[in-house]
Amino acid sequence: MKAFVVLLLCTFAFQLFAAEAKRPNILFIYADDQSTKTVGCYPGSWPWVKTPNIDALAQNGVRFHAAYLGSWCMPSRATMLTGRFPHGIESMSMEGKYPGSTYDPKQCPFIPAEMRRQGYHTAQIGKWHTGTDTGWGRDWDHQIVWNRPLHPENAGAYYETQIMSVDGKEQTIEGYPADNYTQWSADYIRGKNRDTAKPWYLWVCYGSVHGPSTPAKRHKGTYKNAEVLLPTDIFPPRPDKPDYLNKTQAWFKGSDGHPMAGKGGEAFGESKRGKRFDDWVRQVNECVPAIDEGVGQLIAALKESGQYENTLIIYTADQGFSMGEHGFRTKLAPYDANYRSPLIISMPSRFPSGKVCAASVNAPDLAATFLSITGVKVPWQTHGRDLIPLLEKPETAWPHPCYYEHMGNEYGSKVSQTILTGAKQDNHQGVPLYSAVVQDQFKLVHYLDGVSGQELYDLKNDPDELKNLINDSSQASRISELRTAMKAELKRTQAGFIDFVK
């Protein structure tokens with residue numbers, strides 16, 4: 001009997017070990033300010049763009065048509081860390097000289113901390129833009145981080161010498177940052193700085209292609225002869241669009257009529273004003289190959305170390321970036337050109353390859369998927385929906401609306417205070433606060449400044465969002481349905497300003 005009991009215990013222990021061994025690793029690759037136009041596998045990208053490694057990832061995975069992860073750098077990252085929309089993230093705020101920021105980890109716990117407690121080795125490498133506290137030793141087992149909030153004087157160093165924190169110790173590191181991040185990440189994948197007995201979660205945060213968009217020397221001039229077509233509405237008029245677009249106009253006509261860069265609104269990293277539009281587009285795209293090469297090197301490290309089959313790979317960006325569309329040269333606005341990120345998810349051993357998913361998803365959905373596939377539980381309500389059904393069958397009908405928002409510098413209960421007390425923020429680089437929802441390829445935008453009104457777009461027939469249908473009487477029932485869906489999402493996520501959405 002004793003021998004039988006021992007055998008049972010050993011069998012149970014082996015099963016637990018085997019189950020632990022099968023828990024997938026997660027390689028989460030995050031670019032910065034990247035338009036889908038800069039990724040070759042996306043329809044509508046510049047025809048001369050070459051991203052062979054990112055395209056290969058799509059060929060071995062699922063490419064999502066639309067991902068809405070955040071309106072700018074900080075809220076996008078905060079949502080990925082918490083699984084909650086900005087209006088549900090308490091204690092986070094901008095503080096001191098930009099990008100100085102802070103949060104209370106007791107009120108604002110991060111998902112990686114729970115992953116760490118529940119058996120994962122966690123690491124973050126690259127750009128950090130969410131509080132001076134980077135969470136090393138609490139959220140992250142290993143971290144090589146460019147802490148922009150802590151060092152505002154170094155916060156514009158996207159392509160030059162950076163002040164890095166390496167597992168809590170500061171160092172000044174030379175070299176092209178994207179290449180550094182790739183090397184450190186490949187080392188981690190191969191086993192350096194981690195417990196090789198544990199599954200791992202690695203968040204690689206590139207600073208490219210954020211302005212000033214300085215390509216690596218080896219890539220300068222790659223696209224010097226590329227033809228650059230102009231967006232339809234880079235200049236006004238823009239009938240039936242909100243008046244704030246006249247204030248955010250970032251391009252003016254040069255002496256030859258070609259668009260020249262005017263104001264962009266960035267606190268750091270602006271391209272020089274007066275730069276030709278076509279030259280700027282080429283320059284931004286010449287920053288992408290360094291990331292693309294990095295993707296190839298990281299996947300090679302996975303394959304060489306025998307971990308490829310058991311690793312979920314995600315490629316995305318914190319948000320999109322308008323390349324002249326609607327007159328912008330920034331993110332923030334609710335239009336796809338400004339907000340929509342590329343999103344590719346690959347794990348050929350588990351999910352189909354070479355598929356395209358038409359569903360629109362958001363950052364909380366990604367966080368929910370990470371929790372689902374790892375089996376990690378968090379002791380707070382998250383706002384996302386598990387995307388595994390879409391990964392398994394990308395063509396499946398997806399009944400859920402995709403909600404996203406722009407709350408400027410505000411988070412948590414401060415969002416509702418700002419909106420409901422009448423202190424309506426309309427000064428975050430000139431873009432009003434808003435809530436937006438996408439469902440059945442239609443988008444409804446509800447501005448929260450009490451002035452800019454609403455917008456409705458047919459994304460299937462008008463993907464460039466040139467014609468606002470909000471006053472089209474034939475769309476009345478659709479507008480009502482989308483408004484109901486928006487309010488349902490606000491109620492589900494306990495937004496305190498739901499009554500402001502009429």
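Is D240 buried or exposed? With 52% relative accessibility, D240 counts as exposed (exposed means over 50% relative accessible area, buried under 20%, and partly exposed in between, with a 1.4 Å probe and protein chains only).

## Ground rules

What you're looking at is a predicted model, where local features need pLDDT of at least 70, side-chain atom pairs count only at pLDDT 80 or more, and totals for chains, interfaces and linings use all residues. Residues are numbered from 1 along each chain as its sequence is written, and side-chain values use heavy atoms, with hydrogens and water left out.

Helices (H or I, at least four residues) and strands (E, at least two) are DSSP runs, numbered from the N terminus.

D240 sits in the loop between β9 and α6. That loop between β9 (200-205) and α6 (244-247) also holds V209, and the peptide bond from S208 to V209 is cis, with omega near 15°.

L332 also has a positive phi, of about 75°, although it is not a glycine. You'll find L332 in the loop between β12 (311-317) and α9. At 1% relative accessibility, L332 counts as buried. There's a cis peptide bond between Y98 and P99 too, with omega about 5°; P99 belongs to the loop between β3 (93-94) and β4 (101-102).

## A buried helix

Helix α3 covers residues 73-82, and ten of its ten residues are buried, so the rest of the structure largely encloses it. Among the buried residues of α3 are C73, R77 and M80. Just after α3 comes G83, which takes a positive phi of about 80°.

K127 is part of strand β5 (residues 121-128). At 1% relative accessibility, K127 counts as buried. What does the side chain of K127 make a polar contact with? The partner is the side chain of D32, at 2.4 Å. A polar contact here is a pair of N or O atoms within 3.5 Å; within protein, one must be able to donate a hydrogen and the other to accept it, and residues adjacent in sequence count only if both atoms are side-chain atoms. Leaving aside neighbours within four places in sequence, K127 is in contact (heavy atoms within 4.5 Å) with residues including D32, C73, R77, V145 and W146.

Strand β6 (residues 142-147) has six of its six residues buried, so it is largely enclosed by the rest of the structure. In a regular strand the side chains alternate between the two faces of the sheet. In β6, H142, I144 and W146 point one way, while Q143, V145 and N147 point the other way, and all are buried. Six bridges join β5 to β6, and the two run parallel (strands pair if DSSP finds at least two bridges between them). One of the pairings sets I125 against its bridge partner I144 in β6. Three bridges link β6 to strand β7 (residues 162-166), this time antiparallel. There, W146 stands opposite M164 in β7.

## The four-stranded sheet

How many strands are in the open sheet with the order β15-β16-β17-β18? There are four, with antiparallel pairing. β15 (402-406) and β18 (454-458) stand at the edges with a single partner strand each, so one side of each is left without a neighbour in the sheet. From one strand to the next, the twist averages 15°.

β15 and strand β16 (residues 434-439) run antiparallel and are joined by five bridges. H406 has Y434 as its bridge partner in β16. Helix α13 (residues 476-492) packs on the sheet, touching β15, β16, β17 (442-447) and β18, and its direction makes about 65° with that of β17. Axes are lines fitted to C-alpha atoms, for helices over the stretch in contact, and angles run from 0 to 180 degrees between N-to-C directions.

## The largest pocket

About 1000 Å³ of space lies in the largest pocket. Its lining has 44 residues, with H65, D336, R340, L459 and P463 nearest the centre. The elements giving two or more residues to that lining are β2 (62-68), α9 (336-339), β14 (355-362) and β16.

On a 1 Å grid over the protein atoms alone, a pocket is an open set of points where a 1.4 Å probe fits, with protein on both sides within 12 Å along at least five of seven lines; lining residues have an atom within 4 Å of a point. Grid points are joined across faces, edges and corners, and the volume is the space filled by probe spheres set on the points.
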